Amino acid sequence: MRSGGYSPGSTAAAASAWQTEVRADLFVALRLSDLVNGPGISLREHVVSSETGAGYSRSEITFASTPTRRINAVVTLPDGDGVVPAVVCIHGHGGDRFVVFDSASIYKGFAQKLAGSGYATIAIDVGQHEVYEQGRLLMGERLWDCIRAIDWLAAHPRIDSSRIGCAGLSLGGEMAMWLGAMDTRVCAELSAGFLTTMDQMEHNHCLCWKFDGLRELVDYADIYALTAPRALQCQNGLQETETQFHVPLARRALLQIEPAYSDLGAAGCLSLHIHNGGHEIDLPALELFFQRHL
Ligand SMILES: [Zn+2]
């Protein structure tokens, strides 16, 4: 029995209170409470290299994630001096921050597409399977680095901090789920190739999603429900097999996300986009989603 499961039919106020409580419990389980509630950490950005010419600049940078740990990022910014929306672009297992720019990959180069369409983007690495700092958790460190990517965006004078989205596929879809759930600065979340149940993920999958206390608190649907009433699109492909991110299972999980969206008066902001492909991004649907919500 999960203690943090959502009770359908709650008032909007009770739904919001549930979200606040579950977020706090999850930050404790993720061993991030000290960072989340602590003083702001200076980014201390360093630009490694930068290039222009495609209608946007693309830079490789490093910045501080915690007081003692720095991370790498690829950031793009449209040419000109106007204020722009931004998307955190997140890769999956076996990839890195560069693969979301690769149009020949299962990511369809969605970061590059967004960069060329007037969005700022930031891509970081979340594929590590070792814990960097003592006392942390793998999933906690991955999520914190994603939160710091939003800190970077929010601090940039050309980025409209009221129009920040996140998108990812597979492990990246999982991290987009976590980021949208736990950081309310995200106003549009696209989570591809991930909507399923934790029971399903116990088998035939890398168990890096799991940590002490998680299953007692929530299932994935509850984590997604923390994004309500903000825009959320899940994408699942019809070619996903029964042991992977199978559409029938995604449909069932969706039914458990819907109540929080309805109770918060935002049923129209939640969608499951089912496409004909497999474990991949549906790029046209992604573009349409961000055009509409950012
Ligand atoms: Zn893994």
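Helices (H or I, at least four residues) and strands (E, at least two) are DSSP runs, numbered from the N terminus. With that in mind, welcome to a predicted model, shown here in a series of close-up views.

**The whole chain, before we zoom in.** The protein chain holds ten helices and nine strands. Its C-alpha trace spans about 50 × 45 × 35 Å along the principal axes. A compact globule of 294 residues would have a radius of gyration near 19 Å, and the 18 Å of the protein chain agrees with this. Of the 294 residues, 58% count as buried. Among contacts with a separation of 6 or more, 70% are between residues 24 or more positions apart.

**Thr197 sits in the loop between β7 and α6.** Is Thr197 buried or exposed? Its relative accessible area is 17%, so Thr197 counts as buried. Leaving aside residues up to four places away in sequence, Thr197 touches Asp219, Tyr220 and Leu249.

**Ile223 belongs to helix α8, residues 220-225.** Because its relative accessibility is 0%, Ile223 counts as buried. Which residues does Ile223 touch, not counting those up to four places away in sequence? They are Met177, Trp178, Ala181, Met198, Leu214 and Val218. Another residue to look for in this view is Gly180: its C-alpha atom is 9.0 Å from that of Ile223, while 43 residues separate the two along the chain.

**A zinc ion is held by two histidines and two cysteines.** The protein donors are NE2 of His93, NE2 of His129, SG of Cys206 and SG of Cys208, at 2.0 to 2.2 Å from the zinc ion. What is the geometry of the site? The angles among the four donor atoms run from 105 to 119°, and the site is tetrahedral. For reference, ideal angles at a metal with four tetrahedral donors are 109.5 degrees. Reading along the sequence, the donor residues follow the spacing H-x35-H-x76-C-x1-C. His93 and Cys208 link distant parts of the chain, as they are 115 residues apart. His93 lies in the loop between β4 (84-90) and α3 (110-115), and Cys208 in the loop between α6 (198-201) and α7 (214-217). His93 has 38% relative accessibility, so it counts as partly exposed. Cys208, at 9% relative accessibility, counts as buried.

**Strand β8, residues 231-237, is mostly covered.** Seven of the seven residues of β8 are buried. In a regular strand the side chains alternate between the two faces of the sheet. In β8, Ala231, Gln233, Gln235 and Gly237 point one way, while Leu232, Cys234 and Asn236 point the other way. Look to β7 (residues 186-192) for one partner: β7 and β8 pair in the parallel sense over five bridges. Here Glu189 has Leu232 of β8 as its bridge partner. Strand β9 (residues 270-275) is also joined to β8, in parallel and by six bridges. To get from β8 to β9, the chain passes through helix α9 (residues 247-263), a β-α-β crossover that is right-handed.

**Strand β4 is paired with both β6 and β5.** Seven of the seven residues of β4 are buried, so the rest of the structure largely encloses this strand. β4 runs parallel to β6 (residues 159-169), joined by six bridges. The bridge partner of Cys89 in β6 is Ala167. With β5 (residues 120-124), β4 pairs in the parallel sense over four bridges. Which residue of β5 stands opposite Ala86? That residue is Ala120. Together β4, α3 and β5 form a right-handed β-α-β unit.

**Strand β2, residues 56-66, pairs in the antiparallel sense with β1 and β3.** Nine of the eleven residues of β2 are buried, so this strand is largely enclosed by the rest of the structure. Five bridges connect β2 to β1 (residues 46-51), and Ser49 faces Glu60 of β2. The hairpin of β1 and β2 has four residues between the strands, and Gly53 in this hairpin takes a positive phi near 125°. How many bridges join β2 to β3, residues 69-78? There are ten. Ser59 stands opposite Val75 of β3. β2 and β3 also make a hairpin, with two residues between the strands.

How values were computed:
Residues are numbered from 1 along each chain as its sequence is written. This is a predicted model: local features need pLDDT of at least 70, side-chain atom pairs count only at pLDDT 80 or more; totals for chains, interfaces and linings use all residues. Side-chain values use heavy atoms; hydrogens and water are left out. Buried means under 20% relative accessible area, exposed over 50%, partly exposed in between (1.4 Å probe, protein chains only). Two strands pair if DSSP finds at least two bridges between them. A crossover is right-handed if, with the strands pointing away from the viewer, the path from the first strand over the helix to the second runs clockwise. Donors are N, O and S atoms within 2.8 Å of the metal (3.2 Å for Na, K and Ca); water is not among the atoms, so sites may look incomplete. Four donors count as tetrahedral if all angles lie between 85 and 135 degrees; four count as square planar and six as octahedral if opposite donors are over 155 degrees apart and all others between 65 and 115; anything else is irregular. The radius of gyration is taken over C-alpha atoms; the globule rule is 2.2 Å times the number of residues to the power 0.38. Contact means heavy atoms within 4.5 Å.
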